[in-house]
Amino acid sequence: MKAGLYLGTIVLGVMLLFSCSKEMSTENGGVNSKCDYAPYTQGSSFTYLNVSTSGDSSVYTLTVNGDTTINGNVYRKLGDSTAFMCSNCTDGVYTQIASILSFDGYTASDLRLTYLKDFLPAGSTWSDTVQVSYSGISTKALLQYTIVQKGINKIVNGHDYTDVIGVQLDASASTASATLPVGTVAVNYYARGIGLIESDQTQDTTRLVNFNIK
């Protein structure tokens, strides 16, 4: 039981890497998709309100600021003065790489995540695997994404967004001796023409307040 709880703690630590780095994406175009769920052109900005279950809140603005090349792939940079992410979209497949690779003693390998596939129908799934280390112990965080809603309307901070996709992220931890389901980490909502509009996690919720697309 203790081993199972420890594995769960490791995976939750990795998920904190993702949430502390914030959720972002970019547009690169494609044959099967216009990447409309990441219209992040140069100079565009997006302001979010984060509210924790304890009532603490913070507001931050993410601004699109140029491109960078990582392992031969071109990514758009989007962030603020404290954190940024490098993101890409090709043929409706949206990926991101976090700039923060450690948190509270946890370290992770390449945090390249495929967070959305906008051409898939509701009910579709895909997965990512992240290698995690804590105090010299290595394990794998297994991440599964499920499109739980597709083409819906969703009101966020009084704004009615259309053609929204909801993606649920579930996690489990795997070592040579055990695999432990951690459960649902987040449900993220993406609106066509806007991008991320809401992220619901166990400890907090982040919602889009306003945006300015150039």
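Modeller: Buried means under 20% relative accessible area, exposed means over 50%, and partly exposed lies in between, with a 1.4 Å probe and protein chains only. Lys and Arg count as positive and Asp and Glu as negative, while His and the chain ends are not counted. This is a predicted model, in which local features need pLDDT of at least 70 and side-chain atom pairs count only at pLDDT 80 or more, whereas totals for chains, interfaces and linings use all residues. Residues are numbered from 1 along each chain as its sequence is written, and side-chain values use heavy atoms, with hydrogens and water left out.

Biologist: How many helices and strands are there in the protein chain?

Modeller: Helices (H or I, at least four residues) and strands (E, at least two) are taken as DSSP runs and numbered from the N terminus. Of the 214 residues in the protein chain, 45% are buried. Counted by those runs, the chain has 1 helix and 14 strands.

Biologist: D170 has no salt bridge, so which side chain of opposite charge is nearest to D170, and how far away is it?

Modeller: A salt bridge is a side-chain nitrogen of Lys or Arg within 4 Å of a carboxyl oxygen of Asp or Glu. D170 lies in strand β11 and is buried, yet it has no such bridge. The nearest side chain of opposite charge belongs to K117, 15 Å away.

Biologist: Which side chain, then, makes a polar contact with that of D170?

Modeller: A polar contact is a pair of N or O atoms within 3.5 Å; within protein, one must be able to donate a hydrogen and the other to accept it, and residues adjacent in sequence count only if both atoms are side-chain atoms. Leaving aside residues up to four places away in sequence, D170 touches L142, L143, Q144, G183, T184 and V185, where contact means heavy atoms within 4.5 Å. The polar contact, at 2.6 Å, joins the side chain of D170 to that of T184.

Biologist: Are C35 and C89 buried or exposed?

Modeller: The relative accessible area of C35 is 0%, so C35 is buried. C89, at 0% relative accessibility, likewise counts as buried.

Biologist: Which residues are linked with D36 in a network of salt bridges?

Modeller: The count comes to 5 salt bridges, and one of them joins D36 to R192, with the closest N and O atoms 3.0 Å apart. That pair links distant parts of the chain, 156 residues apart, since D36 is in the loop between α1 and β1 and R192 in the loop between β12 and β13. D36 counts as partly exposed at 23% relative accessibility, as does R192 at 40%. The residues linked with D36 in the network are D163 and R192.

Biologist: What is the phi of D163?

Modeller: Most residues other than glycine have a negative phi. D163 is found in strand β11 and is partly exposed, with a relative accessible area of 26%. Its phi is positive, near 55°.

Biologist: Are E198 and K154 buried or exposed?

Modeller: E198 forms a salt bridge with K154, the closest N and O atoms being 3.8 Å apart. Since E198 lies in strand β13 and K154 in strand β10, the pair ties together parts that are 44 residues apart in sequence. Both E198 and K154 are buried.
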